[in-house]
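Trainee: I have a model open and would like to go through it step by step. Please let me ask about one thing at a time.

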Amino acid sequence: GKYRHAVTLWEDALCRVGSHINSHLNLAVVHSNLSLLLHKSSATIPDLQAAKWHCERALQLARNSSVEGGDYEKKGIRLLAQIEQDIREGCETFIQSKFITV
């Protein structure tokens, strides 16, 4: 339930190691699921653009990695498909990310 805190932790991890595939995927999951918080407000709207960016970055890193590749790529492809579907269905993004601006 502490999604906002999780965003801060994953962003801090990426500031240290920007090429960490799992951190990008986890941040994508958190950004795409912020609406699961119990108290609805503008702070709980999923940041789908940031989620998509982190998911695409994870896929790029997985495809270029000789060590970690396969599982991360499969997870990333499934997650990206879900994020893109949510975007098509009209979910809005109002939250700014440290890594991208929309």
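Trainee: Among the elements of the chain, which has the lowest mean pLDDT and which the highest?
Mentor: This is a predicted model, and pLDDT is the predictor's confidence in each residue. Among the elements, the lowest mean, 87, belongs to helix α4 (residues 69-88), and the highest, 91, to α3.

Trainee: Are helix α2 and helix α3 roughly parallel or roughly antiparallel?
Mentor: The axes of α2 (residues 21-32) and α3 (residues 48-64) come within 8 Å of each other and cross at roughly 160 degrees. Angles over 145 degrees count as roughly antiparallel. Therefore α2 and α3 are roughly antiparallel.

Trainee: How many nonpolar, polar and charged residues make the contact of α2 with α3?
Mentor: From α2 the contact includes Ile21, Leu25 and Ser32, and from α3 it includes Trp53, Arg57 and Leu61. Sorted by class, the contact has 12 nonpolar, four polar and one charged residues.

Trainee: Is Ser32 buried or exposed?
Mentor: Ser32 is part of helix α2. Its relative accessible area is 10%, and the cut-off for buried is under 20%. So Ser32 is buried.

Trainee: Leaving aside neighbours within four places in sequence, which residues is Ser32 in contact with?
Mentor: Ser32 belongs to the α2 side of the contact with α3, and Leu48 and Ala51 are among the residues on the α3 side. With those sequence neighbours left aside, the contacts of Ser32 are Pro46, Leu48, Ala51, Leu79 and Ile83.

How values were computed: Residues numbered from 1 in each chain as written. Predicted model: local features only at pLDDT ≥ 70, side-chain atom pairs only at ≥ 80, totals over all residues. Heavy atoms only, no water. Axes fitted to C-alpha atoms, helices over the stretch in contact; angles between N-to-C directions. Helix = DSSP H or I, 4+ residues; strand = E, 2+ residues; numbered from the N terminus. Parallel < 35°, antiparallel > 145°, perpendicular 65-115°, else oblique. Contact = heavy atoms within 4.5 Å. Nonpolar A, V, L, I, M, F, W, Y, C, P; charged D, E, K, R; others polar. Buried < 20%, exposed > 50% of the residue type's maximum accessible area, 1.4 Å probe, protein only. pLDDT = per-residue confidence, 0-100.
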